[in-house]
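This note sets out several points for a colleague who is meeting the structure for the first time. Please read them alongside the display below.

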Amino acid sequence: MNEIQKFLLENPVDDISEEIILSKRLKDVKFKIRPMTGSEHQRYQNMCITNANNPKKRNFDLTRFQSLIVVNHTVEPNFKDAEWLESAKIADKDPMKLISKVLLAGEIETLSEKILSLSGFSEDMDELIDEVKN
């Protein structure tokens with residue numbers, strides 16, 4: 001086994017997390033995020049593409065993509081917390097509806113971008129969308 005392989009075994013990606021300040025509005029609280037794996041990223045992309053087999057009608061739902069990232073890679077607060085979903089009166093217990101209720105649109109975008117950055121992406125969201133479409 002070479003040095004790179006040893007390093008990667010000793011430093012698994014599931015141990016990575018980061019605390020961030022999301023916005024001026026939420027400056028007094030820290031959000032804890034974790035990166036996504038390549039397979040998670042691919043799964044979210046696939047879930048957000050419509051008409052995948054028709055290049056002329058292919059569409060990518062960026063809002064859904066960002067929401068999937070935020071819901072699944074924000075450790076704290078936990079948007080999947082059943083008690084919180086109930087307290088927020090989210091009837092169908094959909095965490096994607098909760099983030100839309102408690103975060104501003106720009107905060108959702110910023111949070112998803114920070115998670116993407118922690119996941120190793122340095123490209124902006126427009127470049128990622130273009131990559132998915134092609």
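1. E3 is exposed, its relative accessible area being 59% (exposed means over 50%, buried under 20%, and partly exposed in between, with a 1.4 Å probe and protein chains only). The model is predicted: local features need pLDDT of at least 70, side-chain atom pairs count only at pLDDT 80 or more, and totals for chains, interfaces and linings use all residues. Residues are numbered from 1 along each chain as its sequence is written, and side-chain values use heavy atoms, with hydrogens and water left out.

2. E3 forms a salt bridge with K6, the closest N and O atoms being 3.7 Å apart (a side-chain nitrogen of Lys or Arg within 4 Å of a carboxyl oxygen of Asp or Glu). The two residues are 3 apart in helix α1 (residues 3-10), so about one helical turn separates them. K6 is partly exposed at 35% relative accessibility. Helices (H or I, at least four residues) and strands (E, at least two) are DSSP runs numbered from the N terminus.

3. By this rule there are 4 salt bridges. One of them joins E107 and R25, with closest N and O atoms 2.8 Å apart. Because E107 lies in helix α6 (residues 105-118) and R25 in the loop between β1 (18-20) and β2 (31-33), the pair ties together parts 82 residues apart in sequence. E107 is buried at 4% relative accessibility, whereas R25 is partly exposed at 47%.

4. The side chains of E40 and R34 also meet in a salt bridge, at 3.8 Å from N to O. E40 is buried, with 14% relative accessible area; R34 is partly exposed, with 29%.

5. I90 sits in the loop between α4 (82-87) and α5 (95-102) and is buried at 8% relative accessibility.
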